[in-house]
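Trainee: I have the sequence and the structure open. Can we go through them in short questions?

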Amino acid sequence: MRKNKINSKNWVFLFIALLLYIPVGFLQVSIDYSKKVEELESGLLLMPGQVAGSLVLSGFKGLAADLLWLNIENYWHSGQHYKMLPFLEAIAWLQPHYINVWAVGGWHMSYNIFAEVRDAKQNLIKEYKEKVKKLSEKEKKNLQKVLAIGERTIYLIKNLGLKEGMQENKILKLLSEMNNYEFFLNNYRYEKNSKNAFLVESDKQFVACVKEMLFWYTQGIEFDKKGVVYNSDRYDLYFETGWIYYHKGMDYKNSVRYLKKAIKFPHPDYVDDCLAHAYEKNGQIDMAIKQWEKLLNTDFKNIAEIAIKELKTKGKFSP
Amino acid sequence: MYDNSIKRESSGEKLSEEVFMAIIETRELTKIYTPGRGKKVIGLNKVNLEIEEGEIFGILGPNGSGKTTCLKLLLGILFPTDGEISIMGESQFDVEVKKYIGFLPENPYYYDYLTGPELLYFYGKLFDMDKQAIKERTEYLLNLVKLSDAKKLTLKHYSKGMLERIGLASALLNDPKILILDEPTTGLDPIGCLETRDLILELNKQGKTILLSSHFLSEVERVCNRIAIFHRGNLLATGTLDGLISRYNAETLEELFVKTIEDFDSRYKREI
Amino acid sequence: MKKAWVVAVNTFKESLRKRTLYILLVFAFIAIGASKFFSFLTAEEELKMIKDVSFSTIEFFGALIAIFGAIGALSGEIEKRTIYTLLTKPVTRGNLFIGKFLGMCLILLLNFVLISLFFIGLLIFKKSPPDIETFKTLLLIYVELVLISTITLTVATFATDAFNIILSFFLYIVGHLISYGKQLTERVENTILKGFGQIIYTVIPNYENFAIRDKVVIGIPVSWNYVFKTLIYGVLYIAIVILIGLYFFQKREI
């Protein structure tokens, strides 16, 4: 039969095309499921702001993050730690699964900025002490409270994170203490340009410094905790958080809490080592020993043996 | 005679009563363009053509008369609004039939980046010819159209005349039974016209059916066995030159041309 | 099918000799090469930089080549009227269209392989030979590029070039963002809107499926299960688009 139409069955193409959309639809559902399982998208936790940002940079997030990272490197090398923060925030925002960002961010805040804030006051402390030396006994008596505040804050500045821990309830107490000092200092009368003026103003700065140090320590921890929320199925950020609690904050209770979570996921041995120390410091000697026993088959074997021995006999091992 | 009845009988289909005599035939072939906004333009209006095997058939008419539309419909480039086409008994879309057709378009359009032989090779492959056959045919054809010297040149560097010639070569590549030429002498100098004319006659001697469209009356006069006159999409007259001249009482082809058109204009309005 | 290959090879040859796509290739090389110069980063960060830039470049310039190549392949043919001679040859329109499609696959393959080799060379030079995850990423990117190209090819069967370019880029952007759109519809209460959203989500190609590079660059491995699923998604979608293209091309008068 002659067909004067080019293809009377042309519509079949469209029909099959539409039919094929059905398996495509099912596949998409399956792919979406896989995406969630394999964390190929942080879909569930995307906040509106991030959606907007992602819309702008979709497809080039990695690239944008890298460029931001360049800036961070610059600021780090030139000592401008504060300026690193907005970039760290931005990168964490773009690539919440990029562990390094959270880890480095938290570290910068709790350690480096913390230290920088402290170091900035060193000269002032030196000058202050010299001025105090030159005071007469009478003057010292008049300025008793002021000097006491100065002494206390200088002590804290020097020792927070080293000899002085920053456990949760302690932080609250310290903050309350600082606020009292502030109140006192703000209401203290002194003459301008007198020796008193210098001492009082310096005290104010010391108080502010202590508050700031506490602030940056907590900021670092909060940043890492945020990272945990996005990466809750790997050890890394649990470990980072636990470590800051242990090392900087001497907050062994919280340290144990986080390190315990860390070991639930595949992790390197030093995490177990850390937890063992934390258990001990937290007073859980038995748990500490159990933890060390886990390390007997690892590179930490030797130290584990010693630790177990020490703990069993002396009940103390960690420095 | 082109008769599908034998084929159809063996495949068990119903015998049709239609049997086509000519190698190309159209029945009530109509093409209406709808450029949009409800407008309708008649491309072809109920054209009935019969082109016999072995003849040289010319389609005449001014520009816009539907010559090119007719050819495009025959070639399957455009789709008819109504009517039927039969080429060698089959539809114009039948792929097998295309193996017997050679087409030379009005303005040559070819791939800039290929050389002459490469172009012929490409087309040859589409004709299912094997390498050797293509090679031989290419040699022969390039000689025929006098392009043997330009083998290494890409088509980008061809002159218009050369493009016409390579076009002719590709139209003849498959040694077609039917040759369709759209305005073959447009843009050619007198010598070129002469050569083309001779070539057409020569090819016809080989048994090829040639369908050409032109608005050069003198060319058509010298070459065609029968002609058809088109005007505004309508077929005004068909027949041998002599027959038409006596029928319309004209002395020359020009006069015939003018008379038929006047005749049409006075009698028929364009209707949709 | 044989004739489709003839057309495909011709399309490929055209692209090679026309050199119009070369400039995109050059830009791609420059972009990837530039990533090498951030050497003041740590080794790990520099590697991440190189990978991010390279994958993004391959995808972006690949998309450009896919879109403009497809337009050149079909619209170019129609515009230059070379398609007349093709249609008068004993080759069905279907074969012609499929031939153009295969030709685009070849063009994309060549460009893709060239850029990827350059990228891999750079990785080897940086002493970090590519792992299986890199190849998975590249494979998915290639399929994505073929899909982009096929869509442009199909649109060329019924639309003008300008419209085609705009639509193709529009779909490229939307196709990447569609996942976010879906999440928005998940929170919508109205079932009709939700259903409508679902349909749009299925109908528009989800290019994000192919984008595993973010995770791979950070070092998170992607399962073969996911890769296979996405590959099949790609193939099915390409089939759908080809069928639509065939439908329109059969009806097209020139």
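Trainee: In which sense do β8 and β9 of chain B pair, and over how many bridges?
Mentor: Keep in mind that this is a predicted model. Strand β8 covers residues 226-231 of chain B. B:I229 in this pairing stands opposite B:A237 of β9(B). The sense is antiparallel, over six bridges.

Trainee: Which strands stand at the edges of the sheet of six strands in chain B?
Mentor: The sheet is open, with mixed pairing and the order β5-β6-β7-β3-β8-β9. An edge strand here has a single partner, so one side of it is left without a neighbour in the sheet. Those strands are β5 and β9 (234-240) of chain B.

Trainee: By how much are neighbouring strands of this sheet turned against each other on average?
Mentor: Direction is ignored for this value. The average is 15°.

Trainee: What is the strand order in the open sheet of three strands in chain B?
Mentor: Start from the edges: β2 (39-51) and β4 (82-87) of chain B each pair on one side only. The pairing in this sheet is antiparallel. The twist averages 30° from one strand to the next. The order is β2-β1-β4.

Trainee: What angle does helix α2 of chain B make with β2(B)?
Mentor: Helix α2 spans residues 67-75 of chain B and packs on the sheet. It touches β1, β2 and β4 of chain B. Its direction makes an angle with that of β2(B) of about 70°.

Trainee: Why is chain B as compact as a globular protein of its length?
Mentor: Chain B has nine helices and nine strands. The globule rule gives 19 Å for its 272 residues. The radius of gyration of chain B is close to that value, so the chain is as compact as a globular protein of that length: 20 Å.

Trainee: What share of the residues in chain B is buried?
Mentor: The C-alpha trace of chain B spans about 55 × 55 × 45 Å along its principal axes. Among its contacts between residues at least 6 apart in sequence, 67% join residues at least 24 apart. The buried share of the 272 residues is 42%.

Trainee: How many helices and strands are there in chain C?
Mentor: Read along the sequence, the pattern of chain C is α-α-α-α-α-α-α-α-α-α. The count is 10 helices and zero strands.

Trainee: What share of the residues in chain C is buried?
Mentor: The C-alpha trace of chain C spans about 60 × 55 × 30 Å along its principal axes. Among contacts in chain C between residues at least 6 apart in sequence, 82% join residues at least 24 apart. Of its 254 residues, the buried share is 49%.

Trainee: Which element gives the largest share of the side of chain B that touches chain C?
Mentor: The contact takes 22 residues from chain B and 19 residues from chain C. On the side of chain B, β5 (101-104) and α3 (116-126) give two or more residues. That side divides into 16 nonpolar, two polar and four charged residues. The largest share, four residues, comes from α3(B).

Methods:
Residues numbered from 1 in each chain as written. Chains lettered and ligands numbered in written order. Predicted model: local features only at pLDDT ≥ 70, side-chain atom pairs only at ≥ 80, totals over all residues. Contact = placed C-beta atoms within 7 Å. Nonpolar A, V, L, I, M, F, W, Y, C, P; charged D, E, K, R; others polar. Pairing = 2+ DSSP bridges. Axes fitted to C-alpha atoms, helices over the stretch in contact; angles between N-to-C directions. Buried ≥ 20, exposed ≤ 12 C-beta atoms within 10 Å, placed from the backbone. Rg over C-alpha atoms; globule rule 2.2 N^0.38 Å.
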